[in-house]
Amino acid sequence: MAVVKPFRALRYDTERAGPLEDLVAPPYDVIGAEERDRYLAKSPHNVVHLTLPESEQEAGRLYREWREQSLLVPEEPSFWALSQDYVGPDGVARRRSGLVASLRVEPYETGAVMPHERTHRGPKEGRLRLLREVRAQLEPIFLLYQGRAPFEIPDPPAEIEVEGARLWRLDEQDLGGTFADRRLLIADGHHRYETALAYHQEAGTPESGYMMVVLVSLDDPGLTIFPTHRLFREAPRRETLAGERRSDPESALRELDELSRDRAAVVVYDGETELAVDGAGRLDVQVVDSLGQEGLTYTADWREAVRAVDEGDAALAVLMRPTRIEDVFEVASRGETMPQKSTYFYPKLVSGLLFHPLEP
């Protein structure tokens, strides 16, 4: 049974910390080195000083300093409604809504929270060191649930608004009960969820057993998964992905989108274009995963993938269909996981809107 409750958030006091647009950033795991430098330069109080610090000890010192200086101020315990307006990689404008709440972390074996991707030890070790020092959840993770949302986006102007994201405090305090019989699927944030669980096993306090999450309904019209295309620096052996020649990647992708999902299919490009269809019973990402991980990189832009091959930066591009949400739930419900980068949920959540302290 998932335990979801309101929480006493910390938020920036913009009169002291500066404009909110100078303080927020994307999640830590999508920020490259150059982007990190830009965010750090925006403001000495930008959230990246905490999420991607010079050292974990420095992050802990800054977080405590910001609290003492009232740059971060506490709110009354609440749920929050979140709305994000965005234009996807396909050029379509959408709006996605979710509930910001505190979730009790539990081992996957309980069935309350389900993963769908495998994790790696390195990122979790770094996040655990940071959590020990800061003793606060700095960023929410993104979870999905089946069924209609148990709240409505309020009519009044948002209390917090920046970069297409808007937040409203909700008066309802009993929303958590509507999630008691729902299984939650991690969309983004597997490493952070497992880190939160490891931290709670160490700290053992009531506060350490919770983390900040955004819960989005599968029925939300703005919820979309986009494909993540694969690039191989050296061409792998691909007997199972031998396909039929097509004239160009764009027309092959159109044909790919029209194929039945009963069989795995991808577009393979190495200077020539092929449409490869696999036997029944496997997902597209599972077939591509069989090619291995050596020299593998990713991009959400198929044109960028084709250009990398044409310019000699990659030997092979595999262009994908987006993984269907129902397939993700089915795999997770069986207790199985999918290859990394099987899903690309867009937009990413904004870090720095709210913080979740793990101390009284």
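The model is predicted: local features need pLDDT of at least 70, side-chain atom pairs count only at pLDDT 80 or more, and totals for chains, interfaces and linings use all residues. Residues are numbered from 1 along each chain as its sequence is written, and side-chain values use heavy atoms, with hydrogens and water left out.

**Stop one: H229.** Select H229. This residue lies in strand β14, residues 229–232. Strands are DSSP runs of E with at least two residues, helices are runs of H or I with at least four, and both are numbered from the N terminus. Is H229 buried or exposed? H229 is buried, at a relative accessible area of 3%. Buried means under 20%, exposed over 50%, and partly exposed in between, using a 1.4 Å probe and protein chains only.

Now show M320. The H229 side chain reaches the backbone nitrogen of M320 at 2.9 Å. Beyond its neighbours within four places in sequence, H229 is in contact (heavy atoms within 4.5 Å) with residues including T297, Y298, W302 and L319.

**Stop two: P347.** Go to the loop between β20 (344–345) and β21 (356–357), where P347 is found. Look at the bond joining Y346 and P347. This peptide bond is cis, with omega about 0°.

**Stop three: E163.** Select the loop between β9 (160–162) and β10 (165–170) to find E163. Phi of E163 is positive, near 50°.

**Stop four: K341.** Move to the loop between α10 (325–333) and β20, which holds K341. Phi of K341 is near 60°, also a positive value. K341 is partly exposed, at 40% relative accessibility.

Most residues other than glycine have a negative phi, and most peptide bonds are trans.

Note on methods:
Polar contact = N/O pair within 3.5 Å; in protein donor to acceptor, adjacent residues only side chain to side chain.
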